[in-house]
Amino acid sequence: MTVLKVYVTFVLVYALDCSADDAKLKYKSAVKPVRLFTDEELSKYNGHQEGLPIYMAVKGVVFDVTKGKEFYGKGAPYNALVGKDSTRAVAKMSLDPEDLTHDTTGLTEEQLESLESVFSGTYKTKYPIVGYTARRILNPDGSPNEDFQPDDQPQFSTRDEF
């Protein structure tokens with residue numbers, strides 16, 4: 001009996017130790033974490049550094065536009081839009097440097113409708129969401145925005161960067 005108790009104890013300790021390691025490796029949160037981008041961090045993903053993805057924000061939602069590298073990569077026609085929140089430029093269909101901002105103040109109703117159409121019909125359907133700008137998740141005082149809800153993109157299986 002003593003040998004059996006030692007064996008059972010060894011098996012239980014080994015199993016508990018292994019299952020704890022396995023749990024760490026296999027555990028997936030039921031809720032996807034939300035990645036927050038500061039302006040400085042987002043600027044790193046501007047298509048100029050080989051090996052990094054190309055990110056662009058519209059309405060505070062950060063999209064991975066790397067698969068559109070011919071449009072958004074270094075030297076491409078829309079490269080000015082990446083590495084930042086270009087909401088105003090998208091609304092106005094503009095590449096003017098003063099429009100390369102998140103600020104929508106003063107946009108016409110037509111421009112706001114265009115923004116929503118391009119945001120929903122182009123960016124949300126073509127490019128996976130990888131995070132949100134700090135302005136989208138946080139209040140001006142830095143506290144969490146209680147009304148924040150992540151956008152849903154069931155057509156994408158985005159890679160987990162966390």
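1. A salt bridge here is a side-chain nitrogen of Lys or Arg within 4 Å of a carboxyl oxygen of Asp or Glu. Glu41 and Arg35 form one, with their closest N and O atoms 2.7 Å apart. By this rule the count comes to six salt bridges.

2. A word on the basis. This is a predicted model, in which local features need pLDDT of at least 70, side-chain atom pairs count only at pLDDT 80 or more, and totals for chains, interfaces and linings use all residues. Residues are numbered from 1 along each chain as its sequence is written, and side-chain values use heavy atoms, with hydrogens and water left out.

3. How do the two partners sit? Arg35 is buried, at 14% relative accessibility. Glu41 is partly exposed, at 22%. The cut-offs are under 20% relative accessible area for buried, over 50% for exposed, and partly exposed in between (1.4 Å probe, protein chains only).

4. Asp39 and Arg135 also pair, at 2.7 Å from N to O. Helices (H or I, at least four residues) are DSSP runs, numbered from the N terminus. Asp39 is partly exposed at 45%. Arg135 is partly exposed at 41%.

5. Asp99 and Lys92 meet in a salt bridge at 3.3 Å, N to O. Asp99 is buried, with 4% relative accessibility. Lys92 is partly exposed, with 33%. Salt bridges with shared partners join Arg88, Lys92 and Asp99 into one network.

6. Now the second largest pocket. A pocket is an open set of points on a 1 Å grid over the protein atoms alone, where a 1.4 Å probe fits, with protein on both sides within 12 Å along at least five of seven lines. This one holds about 270 Å³ of space. Its volume is the space filled by probe spheres set on the points, which are joined across faces, edges and corners.

7. Which residues are closest to the centre of the second largest pocket? Of its 14 lining residues (those with an atom within 4 Å of a point), they are Tyr72, Tyr78, Leu81, Met93 and Tyr123. Helix 3 (69-72), helix 4 (87-92) and helix 5 (109-126) each give two or more residues to the lining. Helix 5 gives the most, with four.

8. By class, this lining has 11 nonpolar, two polar and one charged residues. Nonpolar covers Ala, Val, Leu, Ile, Met, Phe, Trp, Tyr, Cys and Pro; charged covers Asp, Glu, Lys and Arg; the others, Gly among them, are polar.
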